[in-house]
Amino acid sequence: MPTQAVVIGVDSSTQSTKAAFIEAATGRTLAVGRAAHQVSGDHGARETDPEVWWNALREAVAIGLRESGVSASAVTGIAVAGQQHGLVVLDSSGRPVRPALLWNDTRSAPQAAALTEALGGPEAWTARTGSVPVASMTAAKWQWLRENEPRAAKATAAVRLPHDFLTERLSGSAATDPGDASGTCWYSTATGAYDPRLLELVGLEADLLPEVAETGATRVGSLIDAAAEDLGLPTGIAVAAGTGDNMAAAVGLGLGGAGLLDHPALSLGTSGTVFAATRTRPASPVLAGFAAADGTYLPLACTLNCTQAVDRIASLLGLSRDTAEAGGEVVLLPYLDGERTPDLPAASGLLTGLRHTTSRQQILGAAYEGAVVTVLRALDEVLRACGTDPADADVASRPLRLVGGGARGRYWVETVRRLSGRPLLIPESDELVAVGAAALAAAAASGEDPVALASRWQGGRAAHLPPVKRDMETWERVSEVLERATPTLLTR
Ligand SMILES: Nc1ncnc2c1ncn2[C@@H]1O[C@H](COP(=O)(O)OP(=O)(O)O)[C@@H](O)[C@H]1O
Ligand SMILES: O=C(CO)[C@@H](O)[C@H](O)COP(=O)(O)O
C-alpha cells in the first residue's frame, strides 16, 4: 500500500467526473474514480444541476480511495479542473438558483451577437478580453438569464464557473484562476482583472464574482470540515484554485508557454478543441484568446460536436463506433448541437451524397470525417492567427497531440491521422485533464511549479504514430459542402 503523499486531480467535464489519485513524488496514477453526469435539454438548451457535479465528485473520490487502496491520511491536496464557461448562479446560502447553463447551450447566441455589437465589434472585445462573445461565453449566458429569467438573475447572490463552484465547496473560498476566468468575457487577459466596463455592460456587480488567484496552482484554502466529511478526506489539506479543463490538459502534458505551438494539442471529447500555449497574448477574433493556468496563454478553438455527436449518429444507425468506413461520396456535418467554430449556433446536422449503394458504415465514417475536418480547419485558423502558416511543409509535418476520450478510439485516431497527414502523439495517460489538476494540487501543497512538476511526472509521454498520406480529396469534399451550406446553416 503506498505511503507516499498522494494528490487528487479532478476533471469535472460535460459527461462525467474523474478523480485521479496520483503519487506526488513520481506522478504514478494509483486509481481513477469515475461518475457520470446528466445533461438535460434540447433545441439549444444544455443544463446540469451543479449539485450533480458535487455528488459525482463524492462518488468519484470514494471509488478512487477504494481502488487505490490509499489511506485518506496520505492525501495532501486536491484541485478541480472543470468544463469551461458554464454559468452557475447561487443564492445567498450557496445553493444553485437554477441548473447551470453549460458551454454548449446555444440559446444565448442572440445575446452574444448583441454584446459584440454593443462594444463596437469583435476587435473591441479581443483587445479587452482576448475573445469575442459567442453563445458559449459566460457573459452571453448571464445576459440570457437577465432577459429570459429576470427573477432568477435577481435572486443571484454569487456567479461562479463550474470549477469555481466545486473549489468553493471544497475550501469555502470564492476563488477562480486566470485560465477559466478568461472564458467569461468579463475578465481581461490584458489587465489580468475583471473589466469594470464589461461588468457594467452586462449589469453584474463585481462582488458577486470570485477572487482571481494568481495561477491555477495558487493555494486558495484548505479542505473545510463539511467537505472533508462528505469526501472521507482529512480536513486542512491544500485546495488549489484549479482551472478550466483545456488549461489543465496543457499542464498535464507538461507544456508551458514555450514550444506548444510546435506541437498543438487536439482534444476529442464532447467538444473538439485545438490549443497551443504561447507566451504572447493572443488577440484575434478567429480564436479564443484564453489565459493558461500558469501565467502564459492558451489560444484555442472549440467545436460543439465531436465524440458525443458521432456516438449519437452511430446509435441512430445501430452501429458500434469502431465499425465505420471511409465516407466516400457521403458528407455529414454532425452539427447536432448547432456549431461554435464556425460560428453557426442555429445549425443542425447536414447529410448529403447518398446513393443506393451507400452503407450505414460509410454514413458513420462521414460523421467522423465531418467532425474531424471541422476541428482541423479550426486548428488551421488558430495557427494562422498565431502567425504560423498551416500549409508550410515544416508546420504541417509537426506532430499533433491527441487527448480526450476520443483519443482512445481507433477510428478517431485513424481519421485524424488520415485527414491531417501529420504524425500523432497519443499520450499514455487517458486522463490528462485530471493529471493536470493533480499537478496543480501538488504544486499548491509543495510550492513547486506545476508545469515543471507535470514534466517530471512525464505526463506528455506518448506513443508516436508516423504520418500517413493526407486524404485531400475528403478534406476538400467536406470543406466545399461546409462552405456552400453555410448560408443554410446560419438559420434554423
Ligand atoms: N474507447 C473509446 N473509443 C472511442 N471513443 C471513446 C472511447 N472511450 C471514450 N470515448 C469517447 O470519449 C467521450 C468522452 O470523452 P471525455 O474527454 O471524457 O468527454 P468530456 O470531457 O466532454 O466529458 C465519449 O463521448 C466517448 O465517445
Ligand atoms: O467550451 C469549451 C472550450 O472553450 C469546452 O472545451 C468545454 O471546456 C467542455 O469541454 P469537454 O467537456 O468537451 O472536455
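How many bridges join strand β16 to strand β22, and do they run parallel or antiparallel? I looked this pair up in what is a predicted model, and I found that β16, residues 265–268, is joined to β22, residues 400–403, by three bridges, with the two strands running parallel. Within the pairing I noted that L266 of the protein chain stands opposite L402 in β22.

Next I traced the sheet to which the pair belongs. I read an open sheet of seven strands with mixed pairing, in the order β18-β19-β17-β16-β22-β23-β24. At its edges I found β18 (288–291) and β24 (462–465); each has a single partner strand, so one side of each is left without a neighbour in the sheet. From one strand to the next, I recorded a twist that averages 30 degrees.

I then turned to the chain as a whole, where I listed 17 helices and 24 strands. For the overall dimensions I took the C-alpha trace, which spans about 65 × 50 × 40 Å along its principal axes.

Of the 492 residues, 57% count as buried. Among contacts with a separation of 6 or more, I noted that 73% come from residues 24 or more positions apart.

How values were computed
Residues numbered from 1 in each chain as written. Chains lettered and ligands numbered in written order. Predicted model: local features only at pLDDT ≥ 70, side-chain atom pairs only at ≥ 80, totals over all residues. Helix = DSSP H or I, 4+ residues; strand = E, 2+ residues; numbered from the N terminus. Buried ≥ 20, exposed ≤ 12 C-beta atoms within 10 Å, placed from the backbone. Contact = placed C-beta atoms within 7 Å. Pairing = 2+ DSSP bridges. Axes fitted to C-alpha atoms, helices over the stretch in contact; angles between N-to-C directions.
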